[in-house]
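I opened this entry to note what I looked up, item by item. The sequence and structure come before my notes.

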Amino acid sequence: MTALTLRLQNIAAAYGAQLVLEDVTLDVRAGELVALLGRSGCGKTTLLKIVAGLLPPTRGEVFFGQENFTHVPAARRGVGVVFQKPLLFPYLNVFDNIAFGLKMRGIAKSETRMRVAEALHAVQLEGYESRRAAELSGGQEQRIALARALVTRPRVLLLDEPFSALDASLRIEMRSLVSRLQRELHITTLFVTHDQHEAATLAARIAFLDDGRLLQTGAPRDLYLTPATPAVAHFFGWLVIEGKLCATQSVTDNGIRCDTALGRLTGTPRSPLANHKDESVWLAIHPAQVRIVTAPERSLTDDATENLLPATIEAVVDFGARVTYTVRLRSNDLLTIDLSRDAHHEARTTFDMDENICVSLPREAVLIFHK
Amino acid sequence: MIHYSRIRVALLLAPALIVIGGLFIGGLLLALVQSLGYFAAIGENAFTLKHYAALIFDKEFHRSLFLTFALSSIATAISAALGLIFAVSLRDVASRSRFASVLLQIPLAMPHLVIGVVLINLIASSGLVARLAFALGIINTPADFPALTADTYGFGIIAAYVIKETPFITLMTLAVLVRTRDEYELVARTLGANRWQRLRYVTLPLVAPAAVSSALLVFAFIFGAFEIPFLLGRTYPAMLSVVAQRRFLSTDLSERPDAIAVAVCLALISSLLVYLYMRLARVLIRHDNPTVFL
């Protein structure tokens, strides 16, 4: 089947009076894999079910290519779905499980045999035809579920957190398998996950969903480095705090000063801010750009010292190539700072538990958002 | 440590085990001994298989065995079919409505004897339906009403068991359906299965183990049950349990070993069915089948 663009236009969905999706518009280009990322309960699976035809939207439309599929029943959409659980039919063996979709479509037995063999080869499980689900490992079951979805040559492939029940090494293996198959088959794919690492590994584009709204779509790097909203920033590990624009505001070098529970911070506005003093704003601090410095190096009372915050080392986890420090800020907020061994060499120092230090935040590491 | 704890458990259970063992196993052994010819009351003191051998040529036994098999099979098949149909069609209602599930459980709590008496009052030629038909002028006299109890085809017996056992199979099947069907149906829908195909290739295979195992239990029960055939069946041929009871209570004590031989045959066949049920259950557990019902 030729790859088609999947277009979701202004999708809304509700369970009773509770709105779970609000005006979601998303394009997945032909042959592209987009990761739909968000916390549990944010509406990811609901959106996937709408695409699969398992749930009708309360508003909005679903297009496969130019064709409107909003009201086409699931059985006739030609969509392949792999769910969180493999859900292999327990009363069928592997061959019959994979052949199920072909049987429902009345495909001839000879072609079925050929396509099942191809699918088993694709998921590297040749020779498993006569096994039952109970005789397979978790990873093998999920591979068979993937083969069952692919064997029908679907217009669109939907993956709903398919690796979440697998252990770490299997997840890596399955990611690589899905990535390879998706590229080889050039199949338009929507991959639902709550794991940012998984999303970034698999997808060139991530769509971030929060509380039923699509907040940002873009390359993983964009979401990670320039989050569009405090919610995106928070999800990607930024520390989000409240602040107020300083009364004695002066904009210099695109930096804006704010008063926060951590002290006075200078940051970069995410979008142009009207310079109203005392306006409440959100500040997001990016731990990856934070540096640790020893406390006595600089005077904390010096006004010229920008974005230098006193803190205490709360925990140290030494992974060898990198060290993760958890530091407690004056506001009692915790910040996890991951430093590579190189960074240590640069700093020519290591830090101990309970040591009083300072964290230094470059302006770019502090984003300011409208409230 | 384990050794002592086992002894302690055995000692704690001893009073109950002695009563059960004495009354049940003792009674069973005594019956077995009598069926094997040792019955001092009538002067038989030698062990023999003649009472079992006699059954081979006993025409009443043959007809009763056939009737017992036939009625048990028909009642089980109808109950299983209706149970499946009810479970599939009531599934959505039952999972949402507590009232519906309670309603389904009412016949389960009713003793077989009550069902038998209710049916006699309803469908016997002197029953409510016959009188109603007579009052409405459908029949000329209540006696014109077709014999539905103590009849040639065992209609009353079948009806009683269908009324009693259908809810049992429905509930057993429903329990599996409510737990598993939704997810597999979603998968089947995405794989292109229409409503009929989902019923044929998903719902029925999912509930089959539960339906088959509960049907086996129902069959084994009906096969050996006494009250309903005694109340609603004919005197000849009667179901095996009634034959055994009649011979046992005969004033001619020499019939008693024959009666026990009939009862032992009944028990053996029922045990075989229970054994088959256990085998089926074990196979399903080995396959880690989520639909298994025990």
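**Where the chains meet**

I began with the interface: chain B and chain A bury about 2,000 Å² between them, 69% of it on carbon and sulfur atoms. Buried area here is the accessible area (1.4 Å probe) that two parts lose on being put together, summed over both. On the chain B side, B:Thr190, B:Leu191 and B:Tyr201 lose the most area to chain A, together 33% of what that side buries. I noted that 19 residues from chain B and 23 residues from chain A take part in the contact, where contact means heavy atoms within 4.5 Å.

I then looked up charge pairing. The count between the two chains is one salt bridge. A salt bridge is a side-chain nitrogen of Lys or Arg within 4 Å of a carboxyl oxygen of Asp or Glu. I found B:Glu183 and A:Lys85 joined in a salt bridge through their side chains, at 2.7 Å, N to O.

Residues are numbered from 1 along each chain as its sequence is written, chains are lettered from A and ligands numbered from 1 in the order in which they are written, and side-chain values use heavy atoms, leaving out hydrogens and water.

For the complex, the predictor gives an ipTM of 0.82 and a pTM of 0.78. Chain B has a mean pLDDT (the predictor's confidence in each residue, from 0 to 100) of 85, and 93% of its residues reach 70 or more. Over residues 288-294 of chain B the pLDDT is below 50, yet this stretch has 25 contacts in the model beyond near neighbours in sequence. Where pLDDT is low, predicted coordinates should not be read in detail.

**Chain A**

I counted out chain A next. It holds nine helices and 20 strands. Helices (H or I, at least four residues) and strands (E, at least two) are DSSP runs, numbered from the N terminus. The C-alpha trace of chain A spans about 80 × 45 × 35 Å along its principal axes. Of its 371 residues, 51% count as buried. Buried means under 20% relative accessible area, exposed over 50%, partly exposed in between (1.4 Å probe, protein chains only).

A:Thr266 sits in strand 13 (residues 263-269). A:Thr266 is buried because its relative accessible area is 5%. Leaving aside neighbours within four places in sequence, its contacts include A:Gly255, A:Asn307 and A:Val366. A:Ser360 belongs to strand 19 (residues 356-360). At a relative accessible area of 9%, A:Ser360 is buried too. With the neighbours within four places again left aside, A:Ser360 touches A:Gln289, A:Val290, A:Arg291, A:Asn307 and A:Leu308.

**A patch on chain B**

Last, I checked the surface of chain B. A nonpolar patch of about 830 Å² has among its members B:Phe99, B:Leu103, B:Met110 and B:Val129. Patches are made of residues with over 30% relative accessible area and no salt bridge: like charges are joined within 9 Å, nonpolar side chains (Val, Leu, Ile, Met, Phe, Trp, Tyr) within 5 Å. Which helix of chain B gives the most to the nonpolar patch? Helix 4 does, with four residues. B:Leu103 lies in that helix. B:Leu103 counts as partly exposed because its relative accessibility is 48%.

Methods:
Areas by Shrake-Rupley, 256 points an atom, 1.4 Å probe, with all protein chains shown as cover.
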